[in-house]
Amino acid sequence: MKRFRRLRADERLRRLVRETSINKSDLIYPLFVIEGENIKNPVKSMPEIYQYSVDRLDEILERIKKSGISGLLIFGIPEKKDVLGSSAYDDNGITQKAVRYIKEKYPELLIIADVCLCEYTSHGHCGVISGNKILNDETLPLLSKMALSLAKAGADIIAPSDMMDGRVKAIRTFLDENGFKEIPIMSYSAKFASGYYSPFRDAAESAPCFGDRKSYQMDFANGHEALLEIADDIEEGADIVMIKPALAYLDLVKSARENFNLPIAVYNVSGEYSMIKSASINGWIDERNIVMENMIAMKRAGADIIITYHALDVAYWLE
Ligand code: PBG
Ligand code: ZN
């Protein structure tokens, strides 16, 4: 009989043979910034997550800084939306203002800027529309302008999340031509059309007002296609690739880890967060145990970077 239990006898032994760990430096916290003054709006479907106006950001930025995590992923919510999402690439847009503020006051934090039009368009789609079609090639120049504008504001990493074809190459080329050769791109390479995003759409006020995102985000039945998307983004110039959502897609994190050698990020999305929060508020699960188990699962599958609404709690528990 093989006695596996020998090495499980007490915590000293278990610690010695533990295969996977999570570090604060693996973690990125998503942050929602809204236009206006003196705002700290709770997001109903996401307990403990808020939309902040720039003048109220210090409270959360101080917490992020003290937590020791790597940084934040920023989403802006503009006052005015229009059909082309023009405030997305306005140098005085809400996201640009917030990035400038954070860069100036918290230079130690890594600022990752989400690049997508859906928070800025009146129709809530991630691209330019014609009738009820979402146009690919017409969207690329707008994403490129948005990326450049955010890079100029001080973003450290550009993260396109729109799922238009060819956007990594378009953004890379435009950044290079405009003096931002050194700015990395973290591409949402395999982003699935997922039911797990619905609380985020409350938080970012970005729900599409007609149809759905299935003509650009991936079909959740498709794993091989995810690897093709990742390979293509790498060829187009992505420095970091992302799989999103995380927990229902760990098989793909594992295959990506086996097939590619650059850093892999996962986005542990809003629905994954809200399910844990609601169950733990009801006393049905132990939040800390389950969150840490999930963090380790993402790392064990092969993720290097975890974007998660639990980041500040995890950092605290790691202390
Ligand atoms: C924007 C975007 C979304 C998320 C990140 N960037 C929503 C969507 O595609 O509708 C989801 C994040 C989350 O659910 O936490 N394209
Ligand atoms: Zn979008």
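# Briefing: strands, salt bridges and surface patches

In strand E5, Leu110 is the bridge partner of Gly71. The model is predicted. Strand E4, residues 71–77, and E5 run parallel and are joined by four bridges. Salt bridges in this model come to a count of 17, and the surface carries a patch of positive charge that includes Lys2, a patch of negative charge that includes Asp137, and a nonpolar patch that includes Leu7.

**Paired strands**

- Strand E5 covers residues 110–115, and five of its six residues are buried.
- Strand E9 spans residues 186–191 and is mostly covered, with six of its six residues buried.
- E9 runs parallel to strand E10, residues 240–244, and four bridges join the two.
- Ala190 has Ile243 as its bridge partner in E10.

- Side chains of opposite charge can pair when their charged atoms come close.
- Lys105 and Asp58 form a salt bridge in which the closest N and O atoms are 3.1 Å apart. This pair links distant parts of the chain, since Lys105 belongs to helix H3 (residues 94–105) and Asp58 to helix H2 (residues 57–67), 47 residues apart.
- Lys105 counts as partly exposed, at 41% relative accessibility. Asp58 is also partly exposed, with a relative accessible area of 22%; the cut-off for buried is under 20%, so Asp58 does not count as buried.
- Lys152 and Asp91 meet through their side chains in a salt bridge of 3.5 Å, N to O. Here too distant parts of the chain are linked: Lys152 is in helix H4 (residues 140–153), while Asp91 is in the loop between E4 and H3, 61 residues apart.
- Asp91 has a relative accessible area of 34% and is therefore partly exposed.
- Asp156 forms a salt bridge with Lys103, and the closest N and O atoms of this pair are 2.7 Å apart. Because Asp156 lies in the loop between H4 and strand E8 (157–160) and Lys103 lies in helix H3, the pair ties together parts that are 53 residues apart in sequence.
- Lys103 is partly exposed, at 31% relative accessibility.

**A salt-bridge network**

- Glu11, Arg14 and Arg18 are joined into one network by salt bridges that share partners.

**Charged surface patches**

- The patch of positive charge on the surface gathers Lys2, Arg3, Arg5, Arg6 and Arg8.
- Lys2 is found in the segment before helix H1 (11–17). Lys2 has a relative accessible area of 58% and is therefore exposed.
- The patch of negative charge on the surface gathers Asp137, Glu138, Asp165, Asp232 and Glu235.
- Asp137 sits in the loop between strand E7 (133–135) and H4. At 56% relative accessibility, Asp137 is exposed.

**The nonpolar patch**

- Leu7, Leu16 and Val17 make a nonpolar surface patch of about 290 Å².
- Leu16 lies in helix H1 and is exposed, with a relative accessible area of 66%.
- Val17 also lies in helix H1, but at 37% relative accessibility Val17 counts as partly exposed.
- Val17 and Leu7 are ten residues apart along the chain, and their C-alpha atoms are separated by 7.5 Å.

**An exposed loop residue**

- Glu182 is located in the loop between helix H5 (167–177) and E9.
- The relative accessibility of Glu182 is 73%, so Glu182 counts as exposed.
- Glu182 and Ile157 are 25 residues apart in sequence, and the distance between them in space is 9.5 Å, C-alpha to C-alpha.

Notes: Residues numbered from 1 in each chain as written. Chains lettered and ligands numbered in written order. Predicted model: local features only at pLDDT ≥ 70, side-chain atom pairs only at ≥ 80, totals over all residues. Heavy atoms only, no water. Patch = residues over 30% accessible without salt bridge, like charges linked within 9 Å, V, L, I, M, F, W, Y side chains within 5 Å. Areas by Shrake-Rupley, 256 points an atom, 1.4 Å probe, with all protein chains shown as cover. Salt bridge = Lys/Arg side-chain N within 4 Å of Asp/Glu carboxyl O. Lys, Arg positive; Asp, Glu negative; His and termini not counted. Charge placed at Lys NZ, Arg CZ, Asp CG, Glu CD. Buried < 20%, exposed > 50% of the residue type's maximum accessible area, 1.4 Å probe, protein only. Pairing = 2+ DSSP bridges.
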